[in-house]
Each structure stands twice: as structure tokens, then as C-alpha cells.
Amino acid sequence: MTRSRVIAVIWVVATALAVVITGLYRGDAPGQAALTVVLAVAGAAVAVWLLVRPSAGAIVASALVGVAWLIAYAVLAVI
């Protein structure tokens with residue numbers, strides 16, 4: 001399995017976990033739920049991009065979404 005496929009699988013798992021966590025713990029906060037769902041959709045899009053047409057751009061997008069994901073979840077942890 002190539003590195004891009006491994007990264008794509010990690011994104012799929014992270015997306016699935018984000019959706020489950022959102023459903024379980026963020027149902028009472030619609031703004032937080034919306035943010036986590038948007039991040040999950042972005043992660044899923046990156047995963048599909050990496051699976052269908054891996055490229056340097058997909059790797060950069062993966063890193064950028066990962067950084068956004070980290071920052072958003074850090075902020076949500078503090079709230």
C-alpha cells in the first residue's frame with residue numbers, strides 16, 4: 001500500500017470518528033457541531049482525492065486540512 005493510500009485510510013477513520021463524536025457529544029452546541037462536520041467533510045474530500053488521484057497537491061491539502069483540524073479541535077477543547 002502506498003503512503004498516499006495509508007494517509008487516505010487515516011483520513012477516512014478520522015472522518016468517521018469525527019462524525020460519531022459530533023453526534024454523541026456536540027448535539028447541544030450547533031456551532032461546534034457544524035464546525036466538526038465541515039472538518040469531517042474536508043477530511044473525506046482529501047481522502048477521496050488521495051485515493052483517486054494522488055498528487056503533490058493532495059498531500060499539501062492533506063497537511064493544510066490536518067493543521068486546520070488540529071487548531072479547531074484544540075479551540076473546541078478549551079471552550
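Which hand does the crossing of α2 and α3 have? The crossing is left-handed; here are my notes on the rest.

1. Ground rules. This is a predicted model, in which local features need pLDDT of at least 70 and side-chain atom pairs count only at pLDDT 80 or more, while totals for chains, interfaces and linings use all residues. Residues are numbered from 1 along each chain as its sequence is written, and side-chain values use heavy atoms, with hydrogens and water left out.

2. The overall picture. The chain has 3 helices and 0 strands, in the order α-α-α along the sequence. Helices here are DSSP runs of H or I with at least four residues, strands are E runs of at least two, and both are numbered from the N terminus. The C-alpha trace spans about 40 × 20 × 15 Å along its principal axes. Of the 79 residues, 30% are buried (buried is under 20% relative accessible area, exposed over 50%, partly exposed in between, with a 1.4 Å probe and protein chains only). Take the contacts between residues at least 6 apart in sequence: 64% of them join residues at least 24 apart, where contact means heavy atoms within 4.5 Å.

3. α2 against α3. Helix α2 covers residues 30-52, and it packs on α3 at an angle of about 160°, with the axes 10 Å apart. That makes the two helices roughly antiparallel (over 145 degrees; under 35 is roughly parallel, 65 to 115 roughly perpendicular, the rest oblique). Axes are lines fitted to C-alpha atoms, for helices over the stretch in contact, and angles run from 0 to 180 degrees between N-to-C directions. As for the left-handed crossing, the term means that the near helix is turned anticlockwise from the far one by less than a right angle; clockwise would be right-handed.

4. Who touches whom there. On the α2 side the contact includes L35, L39, V46, W49 and L50, and on the α3 side I59, V65, W69, Y73 and L76 are among the partners. By class, this contact has 16 nonpolar, 5 polar and no charged residues. Ala, Val, Leu, Ile, Met, Phe, Trp, Tyr, Cys and Pro count as nonpolar, Asp, Glu, Lys and Arg as charged, and the others, Gly among them, as polar.

5. α1 against α3. The axes of α1 (residues 3-25) and α3 (residues 56-78) come within 12 Å and cross at roughly 30°, so these two are roughly parallel. This crossing is left-handed. I7, W11, A14, T15 and A18 from α1 meet I59, S62, V65, G66, W69 and Y73 from α3. The class count is 8 nonpolar, 3 polar and no charged residues.

6. Buried positions. In α2 the buried set includes Q32, T36, L39, G43, V46 and L50, and the buried residues of this helix pack against α1 and α3. In α3 the buried residues are A58, A61, S62, V65, W69, A72 and L76, and they pack against α1 and α2.

7. Helix lengths. α2 has 23 residues and reaches 32 Å from first C-alpha to last, close to the expected 33 Å. The expected span is 1.5 Å times one less than the number of residues.

8. The loop. S55 sits in the loop between α2 and α3. Buried or partly exposed? S55 counts as partly exposed, at 32% relative accessibility. Its C-alpha is 15 Å from that of V65, 10 residues apart along the chain.
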